[in-house]
Amino acid sequence: MPDRRRVIPVLVLLSLTGAGCTSAAPVPAGGPASSPASAPRPGPAVSVADVARAAPGWPAPKAAYLGRYKLTGSSDPSFARAGLLTLFMRTITKPKKMVVPSGILSVYGPGATSVLYLSQFGHLGQRGVADVTAGLYAAPPAGTVALTAFTADSHTLTLVLSPSGGAPVTMRFTRYSADPHP
Amino acid sequence: MSWRAPRALAAVTLAALTAGAAACTSSGGTARSVPSSAALLSDAVRPGPAAAGMTWPVFGGGTDNTRFSALGQITTGNVARLGVAWSKPLGQFSSLNESYPVMIGRTVYLTTSTDEVMAFDAATGVRNWSYAPMVDFSLSRGVGGYGVAVNRGVAISGGKVYLLTFDDRLRAVSQATGEELWSTVVADAHTGAYETSAPTAWQDLIFGGDSGSEDGVRGFVAAYHAADGSPAWRFWTVPAPGQGWVPKGPHGGGTIYMPPTIDTSTGLLYAGTGNPSPAIVGVSRPGADLYTDSILALRARTGKLAWYHQQVAHDLWDYDAAAPVMVFNTVAGGKPVRAVAEAGKSGYFFIIDAKTGKNLFAPVPFVTQHHTPPTSAGTLECPGSQGGSQYGPAAFSPQTRTAFVTGLNMCMMLKVGPVSPGSGEKDFGGTATVPPDLPQTGTVTAVDTTTGKVRWHVTLPYPMIGGATATAGGLVFAGDAHGTLYAFDARTGAIRWHAYLGIAIGAAPIAYAVGGTEYIALVAGGSPLSANYHWGNIGARMIVLRLGGSPVRPYPGTGGPGA
């Protein structure tokens with residue numbers, strides 16, 4: 001078995017803009033197109049330690065969060081000029097069987113796609129937080145997200161993604177379906 | 001024909017390291033004394049449909065999918081000098097990778113698990129272009145919501161790069177620029193269907209299937225017109241729900257996980273099919289459950305069935321025939337014969353007459369075998385549903401008529417009942433777990449295709465998932481789920497070189513040459529399987545090796561449960 005103490009996860013930061021010829025991202029089947037991204041103001045970032053000390057669960061009733069969202073604004077279009085977010089409940093078995101908040105965040109830049117898994121949801125006051133992993137839910141955190149604002153009437157939330165060792169990216173999402181399942 | 005899995009324990013025999021095969025010949029030079037391009041190729045093997053030459057233009061090297069390169073510069077005698085030519089990380093968050101690159105001209109094309117395509121200069125590693133389609137990774141009912149996706153590669157033909165994406169689309173992009181030319185829906189994601197395989201290109205057609213047997217998806221093999229993706233034909237591998245043996249409701253099976261193989265000499269297409277569903281409960285699906293766990297031979301132009309060979313009738317163990325099929329010339333009973341072969345999740349390697357679909361030899365076990373029908377109390381099965389040969393392709397050397405099979409020696413406890421919460425396998429029919437005190441090892445087995453006997457067999461400390469690649473230099477390259485790449489002596493199985501790359505390996509290398517230098521290239525990253533079992537770090541990196549390259553050092557991954 002691998003030595004769990006020896007290898008420290010390191011994120012390799014790639015330039016997302018120097019990719020030579022790139023193609024435009026088409027509209028996905030089954031989901032609406034993202035409108036041109038208007039940059040939301042950067043919000044406060046949270047650390048993995050912040051997530052660890054957060055109270056479990058959503059900061060508001062889960063029905064206010066669950067569903068499918070599209071990206072409507074990004075502070076860094078070179079990383080996220082379009083995006084999809086699904087917030088849903090997932091059954092886990094460890095440390096015990098329970099249903100927990102989860103998410104899939106897909107962001108599309110020019111020439112690069114990032115698919116991130118959101119788990120360990122909690123809240124610090126009215127601010128929701130979660131760990132971010134790449135590849136699968138059980139991977140070590142590659143960063144965090146903070147849900148810095150949620151307006152129930154407009155079904156809009158602002159999400160700050162803080163990659164480990166990278167600059168935060170603020171993204172605004174609008175919910176287009178309260179059903180997380182396509 | 002069918003073959004029922006034996007119920008008795010049958011340990012794999014460690015074969016004597018006989019060296020009765022013809023010695024490998026190679027005219028290769030070294031990186032210091034650069035030979036002419038022609039001298040890179042072995043005198044014994046010239047590139048043709050069955051063997052890759054200077055390039056690696058299709059998934060399996062040649063159209064026969066034998067993953068054999070005629071390059072012979074890197075040999076058993078000098079492989080110790082292998083080092084890094086170049087390497088590139090594939091993205092800030094790119095993680096897990098089961099991509100099998102192709103190389104044409106002097107460009108390497110590969111995919112990522114998020115359905116990107118990247119084109120690199122094969123000698124320098126400069127990225128020429130990338131293509132990042134906007135794929136909805138939560139769309140599929142089967143894996144969506146649990147979200148683990150992979151993409152195993154592209155097919156290139158007529159100036160177009162073709163790929164199948166997780167959202168059930170066939171896409172074509174410009175080979176020169178990466179610009180998307182068109183995309184078309186080929187399956188219904190709302191049924192749980194998704195795509196993992198590279199497509200196959202031949203003449204004016206593109207071939208593929210769909211994935212998701214454990215979710216109750218109904219499998220198919222299909223052909224599409226290369227010009228626009230419009231359908232040419234479709235062969236359903238199992239009946240529709242409520243018809244034949246398939247129960248009513250969201251059930252099916254027989255899906256396709258790896259690219260079909262075309263025998264260009266006969267126009268036959270070969271494809272391996274997945275398990276029936278429910279996967280480990282057979283009471284509601286009587287009979288053999290055709291055409292699951294089978295090798296299908298279809299007329300490539302029409303999709304008409306020529307023959308089938310079912311590896312496991314009425315499967316109760318999730319024993320897909322998922323790995324790609326290879327086609328080659330060998331000898332059986334003293335007579336030349338065209339053969340097809342495939343290593344199944346059952347842990348058996350099958351060598352079949354390409355004309356008739358009949359076994360040429362008894363199936364060859366390459367991992368521990370022990371099977372009983374699963375029960376609600378739980379039964380230990382060997383290999384487990386995630387053992388044997390998963391999707392990894394075998395290789396074949398025409399020099400010695402030897403096939404090289406990688407495997408996972410891993411028994412599992414199957415228990416009929418509710419599925420594992422969160423597994424994403426809604427029609428598995430129960431649970432599969434690994435007893436903690438049992439080994440999880442890897443194997444490489446060399447099988448003499450003229451006798452069906454094992455030439456040599458080696459056991460390695462970590463599972464070998466991604467398959468093998470053989471070269472005219474007398475070497476077999478394969479990587480393990482911990483992150484070690486090995487070069488085995490094709491005649492004896494001796495490890496001639498190995499290096500820890502730091503990132504789990506879930507795919508097989510390719511071999512190509514540019515400017516008089518032979519390169520061995522692979523995408524490391526690990527599979528969802530290796531990540532779930534903590535075998536190695538996950539990540540995504542293209543790594544290219546050559547003689548005299550810089551020393552190999554472990555690369556950082558994006559971390560993983562084993563990090």
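Predicted model: local features only at pLDDT ≥ 70, side-chain atom pairs only at ≥ 80, totals over all residues.
This is a quick tour of some aromatic rings in chain B, and the charges that sit over two of them.

Counting over all chains, we get 22 aromatic pairs. I'll start with Phe59(B) and Tyr100(B), which make a tilted pair, with 4.9 Å from centre to centre and 45° between the planes. Where do these two sit in the chain? They're 41 residues apart, and the pair links distant parts of it. Phe59(B) belongs to the segment before β1 (68-69), while Tyr100(B) is in the loop between β2 (82-89) and β3 (102-104). Both of these residues are buried. Phe59(B) also has a charge over its ring: the charged end of Arg67(B), 5.7 Å from the ring centre.

Now for another pair, Phe220(B) with Trp236(B). This one is edge-to-face, at 5.5 Å between centres and 75° between planes. Again distant parts of the chain get linked: Phe220(B) is in strand β13 (residues 220-225), Trp236(B) is in strand β14 (residues 231-236), and they are 16 residues apart.

Last stop, a cluster. Phe404(B), Trp456(B), Tyr486(B) and Phe488(B) come together as one aromatic cluster. That's it from me, thanks!

Definitions and conventions
Residues numbered from 1 in each chain as written. Chains lettered and ligands numbered in written order. Heavy atoms only, no water. Phe/Tyr/Trp six-rings, centres within 6.5 Å; stacked < 30°, edge-to-face > 60°. Helix = DSSP H or I, 4+ residues; strand = E, 2+ residues; numbered from the N terminus. Buried < 20%, exposed > 50% of the residue type's maximum accessible area, 1.4 Å probe, protein only. Lys NZ or Arg CZ within 6 Å of the ring centre and 35° of its normal.
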